[in-house]
Amino acid sequence: MEHYDKAKAARVWQRVQNTVAATNPSQGLQGLILEEWTDAAVYMALSRRVQGSAAATLKKMSQDEQAHMACLKGIYTLQGAGRPDIPAPPPPDNAPVSVMLRRCYGREMRCLAQYEARAADPEYGQIFSRMAQQEREHCRQILEILGNLPQDK
C-alpha cells in the first residue's frame, strides 16, 4: 500500500460510479434513460407479438417511452453534462408476453417513483410530473393487456 496513487484511485471510482448510474435508475438520469430505452424496445417488440388493440397500445407506449428518453437526454444536456453516453440495452428476449409485461411493469414503477421524487425540481419538476402521469397510465395499460391475454401468452 506504499505506492497508493490517490488520483488513479479517484479515476477508477469515478468510472465505477458512472457504470452504476447507467444501470441503476435510482442513480441518475443516465439510469432513467436506459430504463426508458429498454421499455421502448420491449413495447415495440411486444406490439408485433400481440393482436388488435393491445398491439396499438404497445406501439403508442413505445413512442411515449422514446419521448421520455428524449426529454431526459435534453435535461441531461441542459444540466451541462453534455450528451449522455449510454450503451444500448440488450434486445428483448423471447420470454412469454406476460413475463415481459411483468418486467416492464417493474421498470415503469421504478421510473414512476423517480419522476415523482423529482417533481419538486424547480427547473424540470413539471416535466417529471408529466412523465410520472404517463408512467401511471402505462402501468394501467400493462395491467389491462395482462388481464386480456389468452392463457397461453
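Me: Is Asp 93 buried, partly exposed or exposed?
Reply: First, some ground rules: this is a predicted model, where local features need pLDDT of at least 70, side-chain atom pairs count only at pLDDT 80 or more, and totals for chains, interfaces and linings use all residues. Residues are numbered from 1 along each chain as its sequence is written, and side-chain values use heavy atoms, with hydrogens and water left out. Buried means under 20% relative accessible area, exposed over 50%, and partly exposed in between (1.4 Å probe, protein chains only). Asp 93 has 37% relative accessibility, so the label is partly exposed.

Me: Which residue forms a salt bridge with Asp 93, and how far apart are the closest N and O atoms?
Reply: A salt bridge here is a side-chain nitrogen of Lys or Arg within 4 Å of a carboxyl oxygen of Asp or Glu. The partner lies in helix H4 while Asp 93 lies in the loop between H3 and H4, so the pair ties together parts 10 residues apart in sequence. Helices are DSSP runs (H or I, at least four residues), numbered from the N terminus. The partner is Arg 103, with the closest N and O atoms 2.8 Å apart.

Me: Which helix does Glu 35 lie in, given its salt bridge with Arg 110?
Reply: The closest N and O atoms of Arg 110 and Glu 35 are 3.3 Å apart. Glu 35 is buried at 8% relative accessible area, whereas Arg 110 is partly exposed at 40%. Arg 110 lies in helix H4, so the pair ties together parts that are 75 residues apart in sequence, and Glu 35 sits in helix H2 (residues 29-47).

Me: Which residues join Glu 137 in one salt-bridge network?
Reply: Glu 137 forms a salt bridge with Arg 140, the closest N and O atoms being 2.6 Å apart. Both lie in helix H5 (residues 125-148), three residues apart, about one turn of the helix. Salt bridges that share partners link Glu 137 into one network with Arg 140 and Glu 144.

Me: Which residues is Pro 87 in contact with, leaving aside its neighbours within four places in sequence?
Reply: Pro 87 is in the loop between helix H3 (52-81) and helix H4 (97-117), and it counts as exposed at 55% relative accessibility. Its C-alpha is 8.0 Å from that of a residue 53 places away along the chain, Leu 34. Taking contact as heavy atoms within 4.5 Å, the answer is Leu 34 and Trp 37.

Me: Which residue lies over the face of Trp 37?
Reply: A charge sits over a ring if NZ of Lys or CZ of Arg is within 6 Å of the ring centre and within 35 degrees of the ring normal. At 5.9 Å from the ring centre of Trp 37, the residue is Lys 73.

Me: What span does H3 reach from its first C-alpha to its last?
Reply: The expected span is 1.5 Å times one less than the number of residues. With 30 residues, H3 has an expected 44 Å. H3 is followed by Gly 82, whose phi is positive, near 80°.

Me: Which helices do the buried residues of H3 pack against?
Reply: Those buried residues include Leu 58, Met 61, His 68 and Tyr 76. They pack against H2, H4 and H5.

Definitions and conventions
Helices (H or I, at least four residues) and strands (E, at least two) are DSSP runs, numbered from the N terminus.
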